[in-house]
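Here is my note on the model shown next. Please read each point against the coordinates.

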Amino acid sequence: MTDSVKLLSSQQTQAFDTEYVDDMMFELVKQALAKFQISQSPFRLLDVGGGNGKYADKLLYHYPNASAVVVEPEKTLAEKNLPNRRKQVIQSPFQNIALPSGLNAVQFNWVLHHFVTSGYRDTCALQQRALHDAYRSLAPGGIIMIFENFYEGALSEDLPSQLIFHLTSSQILAPLTEKLGANTAGVGVCFHSARFWREQLAQAGFSQIEEHPCYDFGTLSSIKRVALTLRKQRVGLLVARKPLSTVS
Ligand SMILES: C[S@@+](CC[C@H](N)C(=O)[O-])C[C@H]1O[C@@H](n2cnc3c(N)ncnc32)[C@H](O)[C@@H]1O
């Protein structure tokens, strides 16, 4: 398998200078942190692909007992992070950092679909490795939280994901996919269904896997939806726990 993760250009990441987690979604985070007894004591969270740091700032504001590590490869976004003595910003792809250990929570907010390399299978393997790495960096009882856009197929659940990956990752098709509105044209993007991610989490060793639906969305025209065999696009939060005792 090829290991090189493909990154978007600075121009392509400009659209990400925002904050997607609204109050309702943050409520789900707070509930998960309370339910799994993370927020009751001082805790350390890793925000992978944390962009401009607004999510980490919100978390640190709500939890004076928290500290955060933001990993963000795009220099222009990493530099937008406001200084905070409880926040560390690492400007790097997640795949290149020395994995921290003993974390209480690892967060992937709309970033796993950007973990792409050459070929669909290797891309899925790269995403799976990120979940394994998150698992290894967590202390027993720590949690992973994943906000994602879930794409569900009408014929086969993961078929839209494969089609979107092949269309967006093609260099030859890039001028066309860019014209059709794909911000990731020429690099690629790899969404999945919620079930796909749940299976990947279980394979990585996580237990108590929960799914919290947020909202449905429909950003594509009906022609594109039919062509991609797309049944549903929705946003949700997946939460899972590293078991308290693990057999090594
Ligand atoms: C859709 S944005 C989400 C930003 C932020 N998490 C949020 O929810 O507002 C995806 C982010 O992941 C970052 N990213 C892309 N590839 C990455 C990688 N290999 N490692 C870490 N972050 C990555 C991008 O630069 C971008 O900031």
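1. Cysteine 124 is buried, at a relative accessible area of 13%. Cysteine 190 is buried too, at 0%. Buried here means under 20% relative accessible area, with over 50% called exposed and anything in between partly exposed, using a 1.4 Å probe and protein chains only.

2. For cysteine 124, the nearest cysteine sulfur is that of cysteine 190, 4.8 Å away. Cysteine 190 is likewise in no disulfide.

3. A word on the basis. This is a predicted model, in which local features need pLDDT of at least 70 and side-chain atom pairs count only at pLDDT 80 or more, while totals for chains, interfaces and linings use all residues. Residues are numbered from 1 along each chain as its sequence is written, and side-chain values use heavy atoms, with hydrogens and water left out.4. The ligand has 21 residues around it, and the closest are Gly49, Glu72, Phe94, Gln95 and Asn109. A residue counts as near when one of its heavy atoms lies within 4 Å. By class, this shell has eleven nonpolar, seven polar and three charged residues. Ala, Val, Leu, Ile, Met, Phe, Trp, Tyr, Cys and Pro count as nonpolar, Asp, Glu, Lys and Arg as charged, and the others, Gly among them, as polar.

4. Glutamate 72 places a side-chain N or O atom 2.6 Å from a ligand oxygen. Glutamine 95 has a polar side-chain atom 2.9 Å from a ligand nitrogen. Taken alone, the ligand exposes 590 Å², and the protein buries 97% of that; the areas are Shrake-Rupley values with a 1.4 Å probe.

5. The count is one cavity of 30 Å³ or more. A cavity is a set of points on a 1 Å grid over the protein atoms alone where a 1.4 Å probe fits but cannot get out, and lining residues have an atom within 4 Å of a point. The largest cavity holds about 40 Å³ of space. Its lining is Phe94, Gln95, Leu126, Arg129, Ala130 and Asp133. These divide into three nonpolar, one polar and two charged.

Terms used
Polar contact = N/O pair within 3.5 Å; in protein donor to acceptor, adjacent residues only side chain to side chain. 1 Å grid on protein atoms, 1.4 Å probe; cavity = no way out; pocket = protein on both sides within 12 Å on 5 of 7 lines; lining within 4 Å. Points joined across faces, edges and corners; volume = space filled by probe spheres on them. Disulfide = S-S within 2.5 Å.
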